[in-house]
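Open the structure in a viewer and keep the selection panel at hand. The tour moves from one selection to the next.

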Amino acid sequence: MKNPQLNKNGELQHLLTIDGLSANIVRHILDTAESFLNVAEREVKKVPLLRGKAIFNLFFEPSTRTRTTFEIAAKRLSADVINLNVSASSASKGETLLDTVDNLTAMQADMFVVRHGQSGAAHLIARHVAPHIHVVNAGDGRHAHPTQALLDMFTIRHFKQEFHNLRVAIVGDVLHSRVARSQIHALSILGVPEIRVIAPKTLLPAEVERMGVHVYHDMRQGLKDVDVVIMLRLQNERMRGALLPSAQEYFKYYGLTLDKLALAKPDAIVMHPGPMNRGVEIDSDVADGVQSVILSQVTFGIAVRMAVMSILAGSHAA
Amino acid sequence: MKIHIQNGRLIDPKNQIDAQHDIYIAAGKISAIGVAPEGFVANRVIDASGLIVCPGLIDLSARLREPGYEYMATLESEMDAAVAGGVTSLVCPPDTDPPLDEPGLVEMLKFRAKSLNQARVFPLGALTQKLEGQRITEMAELRDAGCIGFSQADAPLQDTQVLWRAMQYAATFDFTVWLRPQDAYLAKGGVAHDGEVASRLGLPAIPASAETIAIGTILALARDTGARIHLCRLSTRTGVAMVRAAKEEGLPVTCDVAIHHAHLSEMDIGYFDTNCHLIPPLRSSRDRDALRQGLQDGTVDALCSDHAPVDDDAKLLPFGEAEAGATGLELLLPLTLKWAEEAGVPLATAIAKLTTEPARILGLNNGSLTVGQPADLCLFDPQRYWKVEPRSLKSSGKNTPYQGVELRGKVRVTLVDGHVVYETD
């Protein structure tokens, strides 16, 4: 089966998922991001790589952080950025996803950054658009959030340098998390020898072990001697009902506290894709503590998204 | 009209014929096999050299989309597709809009279908009014209007009290209750099998237990009520095992499998191929293998197309929002032949899954090549390859996981009631 995100030269045409990417491509993105880090410190925070290109931020789901960092990244690459909050316009008028894309293509779009509530939405758009157009998946349903995973890898590399000697624990709602899926793929591609997921059985997808992870239900065991702790957001609507009895019980057994963090390696870092639910999945003492690198993730997110967009725009149409 | 079909290889599982014989048709019926009746002068001779001549196929599940979904397909287009697929009788589920829950709707459908002079249509009446799962329908009236059984289609029936009473009522009149086993709560919101692929793709999942729990419920109620049950479109390994045990116990239970499920698994979803969004979901390869085993050992009585024509727009959506289903009438025979070849099953056994067996389930006396019976026949070239593509399909539904694939086995002539209703080179 043809990998839908590569062109015939094996270059990245779209970024839809981490699944199936080569280690070389992932490292190339991280290295490119490294070179963009200092752009923010310049007096003129811009490089002219995407001058004259029109990038449409097509968000069918609300987002602040991801959309904003994509916007900043595109502007630093000198692209023209158009933000569309589609949930509030076309979709409510009954226009289909591909109709919306066609209309924007007619406005000379060069790249779509897409967030959608349905798994596979970005793949659908990528299959549909003309070959000169690039698609970046900014989160589709429960499936993938590749730029988040890449900025997480960037963060881990920044603080830990290597991947081949790490133990990484991902804690929380893996079932509904596109972030977790992309992280698991990225960590395995980069050679992390031990990836753990820690969650109650209700928050783990079927046969999750087939993705190459070790499953823990006891957070204390799962955190033992890990180098990186990645906390996942628990959405409000999951906190009571059939998945979990209450936010309180969840915090007691799966919330990250200083006490539990002490079981990890002393120099372990704590990450969270945001937005955080303080007191639900993470205690404020940890979120604001010395081991937290959560704000670095946000900063690095801009450089990583600049890297992704510049690499895609630099690939040749198939 | 008298027709003489010569030089064909006759396969009739019911009468255990598999040999080269000529067949003679007069007045819409089979008048002789082997030797011409005295004084028989054919108006037409069909040369079936190299072809297999078998009873017309009986498809236990084909949606014609009328009334209510004419934007997806029409009776005309789907009846064309049926005879092009060698299907001479088909059962249509009641999931139309409105559902087939009133005699007038059934009579209209039968009338419309009959006026097209193609395949025979056997509607299933709705088991509950509007398929809402709350009040049972006027089953006896619906039978009189032409319903061959009663079904809840794919609509949920959560209330076991209603199911119990519906089965009792059906049993009163000896009607067969057709159920696709699926627990409504476990299936809620799901679009793919709860396994490796759904986990990887982040698709809301339906566990195998959604099917097995429902089978357990249905079998328990069948035991209590004595109702005759036909389980539609099994998809799980455990489901097959449960039906096997129920048959051993002597319960009046039959079942079918949709042809796509005999070949495909969750893996075929690939990168969100919405043509593989089917109901029930494509399950694991172990499940698929168990369905094939069940077909082989007779636990699974019949194969059906589960034909569901869907317009292109409804498939050009994210996987979870795309309309479920695949076009199937014209793929039923070649995919059955493919299964037979791969599984090393004799051709006659495979053909029985499309003729004798469905006829037995329906309680009909067609589905065989018997002198005196209506001449419903399918003549096909078992060696001929054809490519599945939009223009090679008569159905309005071009939605198929086999898009672009070359399949072997091409229908050449179809007869219903002794009339040629389809013919191609």
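How many aromatic pairs does a search of the whole structure find over all chains? The search finds eight. The model is a predicted one.

Start in chain B and select Y69(B) and Y71(B). Their ring centres are 6.3 Å apart and their planes stand at 65°, over the 60 degrees required, so this pair is edge-to-face. Y69(B) is partly exposed, because its relative accessibility is 25%, while Y71(B) is exposed at 55%.

Next, select F150(B), Y169(B), F173(B) and F175(B), which ring pairs join into a cluster.

K2(B) sits over the face of F40(B), 5.7 Å from the ring centre. K410(B) sits over the face of W386(B), at 5.5 Å from the ring centre.

Now go to chain A and select F159(A), in helix α5, residues 146-160. F159(A) is partly exposed, with a relative accessibility of 33%. Beyond its neighbours within four places in sequence, F159(A) contacts I269(A), V293(A), S296(A) and F300(A). Draw the C-alpha to C-alpha distance from F159(A) to V293(A): 8.9 Å, across 134 residues of sequence.

From F300(A), move to helix α11(A), which has a kink of about 30° centred on that residue. Select residues 294-314 to show α11 of chain A: its end C-alpha atoms are 30 Å apart, in agreement with the 30 Å that its 21 residues should span at 1.5 Å a residue. Colour the helix by accessibility to finish: 15 of the 21 residues of α11(A) are buried, so the rest of the structure largely encloses it.

Key:
Residues are numbered from 1 along each chain as its sequence is written. Chains are lettered from A and ligands numbered from 1 in the order in which they are written. This is a predicted model: local features need pLDDT of at least 70, side-chain atom pairs count only at pLDDT 80 or more; totals for chains, interfaces and linings use all residues. Side-chain values use heavy atoms; hydrogens and water are left out. Helices (H or I, at least four residues) and strands (E, at least two) are DSSP runs, numbered from the N terminus. Buried means under 20% relative accessible area, exposed over 50%, partly exposed in between (1.4 Å probe, protein chains only). Contact means heavy atoms within 4.5 Å. The expected span of a helix is 1.5 Å times one less than its number of residues. The bend at a residue is the angle between axes fitted to the seven residues ending there and the seven starting there. Rings of Phe, Tyr and Trp (its six-membered ring) pair if their centres lie within 6.5 Å; planes under 30 degrees apart count as stacked, over 60 as edge-to-face and the rest as tilted. A charge sits over a ring if NZ of Lys or CZ of Arg is within 6 Å of the ring centre and within 35 degrees of the ring normal.
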